[in-house]
Amino acid sequence: MLDAIAFYTLAALILAFAIAVITARNPVHSVVFLVINFLAVAIVYIVLGAEFLAMIQVLVYAGGIVVLYLFVVMLVNLKRGPEAHQDPRRQTGAGVGLAVAVLAELTAILAYTGRNPLPAVVPAASARGPGGNTEQLGWLLYTTYLIPFEVASMLLLVAMIGAIVLARKVD
Amino acid sequence: MHFTPITPYHYLLLSAALFSVGVIGVMVRRNIIILFMSIELMFNAVNINLVAFAALYRHEVGQAFAVFVIAVAAAEAAVGLGIILAFYRNKETLNIDEMNLMKG
Amino acid sequence: MRLIWLLPLIPAAGAAVNGLAGVRWFGRAAAGAVACLAMLSAFAVALTASIALIRLPPEARAYDVTLGPWLPPIPLATAHGIGSFAAEWAFRLDPLATVMILVVTGIGLLIHVYATAYMMDEPRGGYARFFCYLNLFCAFMLLLVLASNFLVMFIGWEGVGLCSYLLIGYWYEKGSAATAGRKAFITNRIGDWGFLLGVFGVFHVFGTLDFHAVAQAVSSLPIEQSHFGELSIICLLLFIGATGKSAQIPLFVWLPDAMEGPTPVSALIHAATMVTAGVYMVGRNAVLFQHAPLVLAIIAIVGTLTALMAATIGLVQNDIKRVLAYSTVSQLGYMFLAAGVGAFAASTFHLLTHAFFKALLFLGSGAVIHAMAGEQDMQRMGGLRRFLPVTFVTMMIGALAIAGIPPLAGFFSKDEILLQAFSKNRALWALGSVTALMTAFYMFRLVALTFYGVYRGPSWPRHVPPAVGGPATLSIATAHGVRHPVDPDAHGLAHVPQHDLSHGPAHPVPIGPAAHAHEWHGPHEAPSAMTWPLMALAVGAIVCGFISIPPALGGTNALERFLEPSFGGTPAAATVEHARQPRADAEPATADQASNGREWALMLLAVTLAGAGVAAAWRLYVTRPEIPVRLAARWPGLHSLLWHKYFVDEFYGATLVRSTFASARGLWTFDARVVDGAVNGSGWMTRTVSWFSGIFDRVVVDGLVNFVGWSADEGSLVVRRGQTGLLQNYLLLIVLGVCVFLTVYLFAR
């Protein structure tokens, strides 16, 4: 019961702020809505028992990436609005239609498959020992997925260098 | 008031809806920063999916993948925003419609 | 002795220096010095090696040096299974080779020294070129005589032929010299063909090419007394090679023409060394030849006939060098006569003495020609002993030596040959004796015409008043300098034995390639560089006979004993060659005395014949010079026959040369019509086919290629409209794809 209330509330928040992100005129507003969206998603993670991921979501997404966006929005000093010029060949209506169609189809697929019922979602951590979610995830990342983990770190390093090179003022 | 129990289907539906919103954002907006934000939305949709299944199977593998997705998203954001800055320096605009160098 | 392999290399190095650097940069003195120094060191090495060899005991007098492999062993079929065809750079010094290297280096050295003065009028480059050839020739000749197998000998054999060609054609601007060079080369090639076939035969029969191994192998085979077996065939083929190199019937025609070369060349190559290569080769394979008595008989007969024929031709020739050339052919015939009767040592002995006195005579004739500013016709000489005392005396010694007047060298060697011939076959001896008579006659005819009588040559300004021809024409006629040998046919049938004085200046003087630097002031003695070799050779011609005095005169036949090991100690050799040998050891005194008496008688006869020849020449050409004219007039046919050298050249020209030309022309016609026609036809066909394929290429292939390009071009015009460059249009397509995919999934689930 409480689960359901929490889920629906969070789902409504997430979708509402997502729509707000893509409809806001001012990019700064978009960024703010995005932060709220991310926080709501973090709460979903907590509900699903992924406490560590929720922390990451808050720290990295809401704390890091969004600040990056904010910096860029501030750095870019537009003389005319990005939406001012529109190419006549763009098919905005078709795009929206297609996206809605995809959503409808996904819903239909879920409706079909929903006939064979799945057990209710129980937070994973509740079934686990005292180490909790973070320890389990740590074990996984540093044993089974050690090499992907290191690759990801390399990816981040390369991305950092690439970002520096790209954003650098060219002499 | 009676609610059906929350199954992974609910989370999948939420994820699909969030993803569709991201797609629509990418399709409709012309400000490239907003485009990137829409892409972040899609990443989040995927992550919800992964975490939901992790809860279903009571195993943290899905969460581990979500961690990787977040790492890739961070890298994407850093490089993508760097590209935006470089582009802006050259063209003085953020309009995706003016980025048509691949026009045939 | 270990250094004998240096012998061919030293003159070769001299030739290389003169040929590579000398022709361009050396002066005359430097070029001559290089060549003479090379010969001098070669002579020193030869002398050292010879002394070392003579010091050894007689049975150990053979020394082999193998420098290294030349051809790796190749299995090759022979008459007795599979043989291994291998050749090594192997040299062998034995008594025969010792004699030869001493002759080649010693006489070669003297002639080099002589040539430094004789060739002084040549241009600088030509001078170095001449000495390069001379040195190269000596190198090849030493290779030939030192070789210890047939293949190395063949290199020398071909090499001397090549150098002979180069040297005869030394004045290559002159047509007759170039032709004579070609003639010598081609004639030699015919002989070489026989020699090479003989070498093949040797390998086929014995499976080896080493002289020593062949000699040992052949010793165990039976002597082919009556039938003409494989040994005889080999020997005959080798002898054909020898006839080419040593100018015997039927291949002697090149030697007289070879007198187109400079006189030192004639002396070195065409008298002293190269022409003796054939004799040497027969002697080197003495054991082999002794197993083919039929071929030995052929050799004896050919030698005798050659000696006789050349001597008769020599009787009437007027060109001084040509007389000597025929004399050479004749003496070579003697050597083959000796070889043919099995007296290889006598043959080699005569080779040695002949080298001395014939080189002397040629060099003397060179001095005479030098004195006469190029004149070679003896009709236009005479009385020269007043002007050329040294030349006169030395040439007189040479003439006496060749005529066989004791105690000069020719007497001993010729007597030895005639004695051996007498013990073998009386007819051969008789012909040889007649030849000896003629030899004495024509040699003293030469001396008489050249040095005695009145001077019949052209006059010169200082001594004769310009009444005869006028100084202007005279100086033109004589300033042309050294006249080089001219074809006697230029004189032709118009030749008359007596020229008068007025003939001189009017006589057309051909322009020699080298002009005298100074005006000609009449016959004069040669410079000392020419007279010294003459004197040295004269001493040699006097004393070299003494090294092999026959026992009948109290000697020991030292040279023959020395050479004995080289000719193998087979029973045949012992009986044939050393008929006298047992007697020298310990035979009954009666046989000794009877034999000695016969020998004395033969000697006396020979000397008498020689004296008669001298006397006849003296009477006919000094005291009664009109007799020869009358004789020629009385027997015009005979005279014409001799004058034209038995028409051998004409015969060869009419038969062999013309048929060769005719067949060559036929082949040329065939080539022009059929071969060229086929080639041109195929060319035309190729062109036509390629024209068609060109059309096909342009229309079909190019059409296809262009169509592909055109269609891609047009198609891209249509397709590019889809490429808007708008990112979101592309994304639209992606979403569309996802949508289609999901639809398919939904309905086809």
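**View 1. Helix H6 of chain A meets helix H3 of chain B.** In this predicted model, local features need pLDDT of at least 70 and side-chain atom pairs count only at pLDDT 80 or more, while totals for chains, interfaces and linings use all residues; side-chain values use heavy atoms, without hydrogens and water. Residues are numbered from 1 along each chain as its sequence is written, and chains are lettered from A, with ligands numbered from 1, in the order in which they are written. On the H6(A) side, look for residues including A:Phe149, A:Leu155 and A:Leu166; among their partners in H3(B) are B:Phe68, B:Val72 and B:Ile83. Contact here means heavy atoms within 4.5 Å. By class, this contact has 19 nonpolar, one polar and one charged residues (Ala, Val, Leu, Ile, Met, Phe, Trp, Tyr, Cys and Pro count as nonpolar, Asp, Glu, Lys and Arg as charged, and the others, Gly among them, as polar). Helices are DSSP runs (H or I) of at least four residues, numbered from the N terminus. Axes are lines fitted to C-alpha atoms over the stretch in contact, and angles run from 0 to 180 degrees between N-to-C directions; under 35 degrees counts as roughly parallel and over 145 as roughly antiparallel.

**View 2. Chain A and chain B share an interface.** Chain A brings 90 residues to the contact and chain B brings 77. About 7,600 Å² is buried between these chains, with 72% given by carbon and sulfur atoms. Buried area is the accessible area (1.4 Å probe) that two parts lose on being put together, summed over both.

**View 3. Chain B also touches chain C.** Here 13 residues of chain B and eleven of chain C take part. Together they bury about 970 Å², 64% of it on carbon and sulfur atoms.

**View 4. Two helices of chain C pack together.** H10(C), residues 263–272, and H15(C), residues 344–371, lie at about 160 degrees with their axes 9 Å apart; they are therefore roughly antiparallel. Among the residues that meet are C:His270 from H10(C) and C:Phe362 from H15(C). This contact has nine nonpolar, six polar and one charged residues.

**View 5. C:Lys183 and C:Asp257 form a salt bridge.** Their side chains come to 2.9 Å, N to O (the rule asks for a side-chain nitrogen of Lys or Arg within 4 Å of a carboxyl oxygen of Asp or Glu). C:Lys183 sits in helix H6 of chain C and C:Asp257 in helix H9 of chain C, 74 residues apart.

Definitions and conventions. Angles under 35 degrees count as roughly parallel, over 145 as roughly antiparallel, 65 to 115 as roughly perpendicular and the rest as oblique.
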